[in-house]
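This briefing is for a reader who is meeting the structure for the first time. It begins with the overall layout and then turns to charges, surface patches and backbone details.

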Amino acid sequence: KYKRFTNIETFSIIDSDDQKALMKRLLEKFGAEKRITPTQLQYTLSCIKNQSNKQTYDHSMNNLVQQLNVEYEREKQKAQVLDFDDLMVKILELFKSSAEFKNHFQLAVKHILIDEYQDTNTIQHALLKHMALDESGTQRALSVCAVGDEDQSIYSWRGAQVENMRLFKEDFRSTEIIKIEQN
């Protein structure tokens, strides 16, 4: 239905285990398996893609990480696979590049609920804004509800930005805050 909005013909989702196996092959190809583990590389590339400020490598590895990232993207494209981070990035690009897609989506989706908002990352917050707001910042969705607790943020290590709680209040100006202070 939405194929006309993207140049992606077909794709599969690469799961975490297959992603780590690919990372391992790339590290071996670059002779870097003793400098960084597949898990560290996967985490680092995810942080980069999700625009997180987290970095798990020293600055002398920037060039290596960049080369590994280029090769990782090339291998995924060759295999016609997307990782989980790609799904959010690609849909955000679609919202930004196609007013027709954005309008179609906003006409179809009127209510949005996000749980654990304190654990969202930069891309997820931007995606919510494109899903619910028009270009002037006017809310198109009838309701946008975010449930979260700034004191419960536990995923900063994977790019979560507790700052998104404050940004939510700014971006969705008619926000009503309901505090549940007793169980």
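The protein chain holds seven helices and four strands. The model is a predicted one.

**Overall layout**

- The C-alpha trace of the protein chain spans about 55 × 45 × 30 Å along its principal axes.
- The protein chain has 183 residues, and buried residues make up 36% of them.
- Among contacts in the protein chain with a separation of 6 or more, 72% are accounted for by residues 24 or more positions apart.
- The protein chain has an accessible surface of about 11,700 Å², and 49% of this surface belongs to carbon and sulfur atoms.

**Salt bridges**

- A search of the whole structure gives 15 salt bridges.
- One of them joins the side chains of Lys49 and Asp86, with an N to O distance of 2.6 Å. This pair links distant parts of the chain, since Lys49 is in helix α2 (residues 38–49) and Asp86 is in helix α4 (residues 84–97), 37 residues apart.
- Are the two partners buried or exposed? Lys49 counts as buried because its relative accessibility is 16%, under the 20% cut-off. Asp86 is also buried, with a relative accessible area of 5%.
- Glu73 and Lys76 form another salt bridge, and their closest N and O atoms are 3.2 Å apart. Both residues lie in helix α3 (residues 62–79), where three residues, about one turn of the helix, separate them.
- Within this pair, Glu73 is partly exposed, at a relative accessible area of 30%, whereas Lys76 is buried, at 2%.
- The side chains of Arg166 and Glu170 also meet in a salt bridge, at 1.9 Å from N to O. Arg166 and Glu170 both belong to helix α7 and are four residues apart, about one turn of the helix.
- Arg166 counts as partly exposed at 36% relative accessibility, and Glu170 counts as partly exposed at 42%.

**Surface patches**

- Asp115, Glu116, Asp149 and Asp151 form a negative surface patch.
- Asp151 sits in the loop between β4 (143–146) and α7 (163–171). Asp151 is exposed because its relative accessible area is 72%, over the 50% cut-off.
- Phe11, Ile13, Phe84 and Leu87 make a nonpolar surface patch of about 350 Å².
- Leu87, one of the residues in the nonpolar patch, lies in helix α4. At 32% relative accessibility, Leu87 counts as partly exposed.

**Backbone and loops**

- Most residues other than glycine have a negative phi.
- Gln80 has a positive phi, near 55°, and is not a glycine. Gln80 is in the loop between α3 and β2 (81–82), and counts as partly exposed at 44% relative accessibility.
- Glu116 is not a glycine either, and its phi is positive at about 55°. Glu116 is in the loop between β3 (111–114) and α6 (122–132), and is partly exposed with a relative accessible area of 41%. Glu116 is also part of the negative patch.
- Gly148 is placed in the loop between β4 and α7, the loop that also holds Asp151. Gly148 counts as partly exposed at 38% relative accessibility.
- Which residues does Gly148 touch, not counting those up to four places away in sequence? Gly148 touches Tyr117, Gln118 and Met165.
- Gln118 is 30 residues from Gly148 along the chain, and the C-alpha atoms of the two are separated by 5.4 Å.

Technical notes
Residues are numbered from 1 along each chain as its sequence is written. This is a predicted model: local features need pLDDT of at least 70, side-chain atom pairs count only at pLDDT 80 or more; totals for chains, interfaces and linings use all residues. Side-chain values use heavy atoms; hydrogens and water are left out. Patches are made of residues with over 30% relative accessible area and no salt bridge: like charges are joined within 9 Å, nonpolar side chains (Val, Leu, Ile, Met, Phe, Trp, Tyr) within 5 Å. Accessible areas come from the Shrake-Rupley method with a 1.4 Å probe; for residues, only the protein chains shown count as cover. A salt bridge is a side-chain nitrogen of Lys or Arg within 4 Å of a carboxyl oxygen of Asp or Glu. Lys and Arg count as positive and Asp and Glu as negative; His and the chain ends are not counted. The place of a charge is taken as NZ of Lys, CZ of Arg, CG of Asp or CD of Glu. Helices (H or I, at least four residues) and strands (E, at least two) are DSSP runs, numbered from the N terminus. Buried means under 20% relative accessible area, exposed over 50%, partly exposed in between (1.4 Å probe, protein chains only). Contact means heavy atoms within 4.5 Å.
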